[in-house]
Amino acid sequence: MKLVKRISLFMVMSVIMLGLGGLGALKAEEFFYPNRYQHGTAYTAKADQDEPEDEQEQVIETAVADTPVVTADTLYLVEQVDLNKGTVTEREETVPVMYIGLNREELLEALSAYDKNPPLSEQEQGFETVELTSFSADRVVVCKYYKEKVPRGFYLMVADHFIVVYEEDRNTLYMNTDILLSLLPESLQTEIMEGKYVASEEELYLFLESYSS
């Protein structure tokens, strides 16, 4: 009878120890992996929901960082090159509204359109061309080239009884004409024989139209 009681007590103790061991292992696993069982589904669903948004934000931030654009705060510098004098002047200007928001390629296209059709005020200053020399979100430098038209003078002279036109140096032949010296008024003949100065192309062609046969 005592032997039976000892065996029963041993078996009970074994079952209790086995249960405590299993419970301890489960608790330990829950401690180290708290979201595996209780929160596994919710965590996965949340991750699936948030990940695309995070990735999208990262793509947008990267795109903005890699593609600088002109803003109202961008330092806008204009260099003016005088091709006649060989001088360069630089001044800061307000960023043109039409350029705000443009990246480098778009700004190049806008400047190309400006180059092909400059304002009348630019043409009057002798505008030749424009180019982009520096570009960043903080600083943009545009270079404009000007070549003011210098009045071009000529000399009316005589060669083989006909009027000829020389450039201002009196040595370079500009054109021959079919105007006979003898057909001109005597006072004008005297001026031309001594070398009559004509101050511009407009004045030259006005003379030629007046006396050509």
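## A partly exposed phenylalanine

F162 is partly exposed, with a relative accessible area of 32%, where buried means under 20%, exposed over 50% and partly exposed in between, for a 1.4 Å probe and counting protein chains only. The model is predicted, so local features need pLDDT of at least 70 and side-chain atom pairs count only at pLDDT 80 or more, while totals for chains, interfaces and linings use all residues. Residues are numbered from 1 along each chain as its sequence is written, and side-chain values use heavy atoms, with hydrogens and water left out.

Together with L180 and L183, F162 makes a nonpolar surface patch of about 270 Å². Patches are made of residues with over 30% relative accessible area and no salt bridge, nonpolar side chains being joined within 5 Å; a salt bridge is a side-chain nitrogen of Lys or Arg within 4 Å of a carboxyl oxygen of Asp or Glu.

## The antiparallel sheet

F162 has its place in strand β6 (residues 162-167), a strand being a DSSP run of E with at least two residues, and a helix a run of H or I with at least four. This strand belongs to an open, antiparallel sheet of four strands in the order β7-β6-β5-β8. Because β7 (173-180) and β8 (196-198) stand at the edges with a single partner strand each, one side of each is left without a neighbour in the sheet. On average, neighbouring strands here are turned by 30° against each other, direction ignored.

Strand β5 (residues 154-159) runs antiparallel to β8 and is joined to it by three bridges, where pairing requires at least two bridges found by DSSP. Y155 has Y197 in β8 as its bridge partner. Helix α6 (residues 201-211) packs on the sheet and touches β5, β6, β7 and β8, its direction making about 25° with that of β7; contact means heavy atoms within 4.5 Å, and angles run from 0 to 180 degrees between N-to-C directions of axes fitted to C-alpha atoms, for helices over the stretch in contact.

## The mixed sheet

Another open sheet has four strands in the order β2-β1-β4-β3, with mixed pairing. Its edges are β2 (87-93) and β3 (127-135), each with a single partner strand, so one side of each lacks a neighbour in the sheet.

Seven bridges pair β3 with strand β4 (residues 139-146) in the antiparallel sense, and the two form a hairpin with three residues between them. In β4, V141 is the bridge partner of S134, and K144 that of V130. Helix α3 (residues 104-116) lies across β3 and β4, running at about 170° to β3.

Definitions and conventions:
Patches are made of residues with over 30% relative accessible area and no salt bridge: like charges are joined within 9 Å, nonpolar side chains (Val, Leu, Ile, Met, Phe, Trp, Tyr) within 5 Å. Accessible areas come from the Shrake-Rupley method with a 1.4 Å probe; for residues, only the protein chains shown count as cover.
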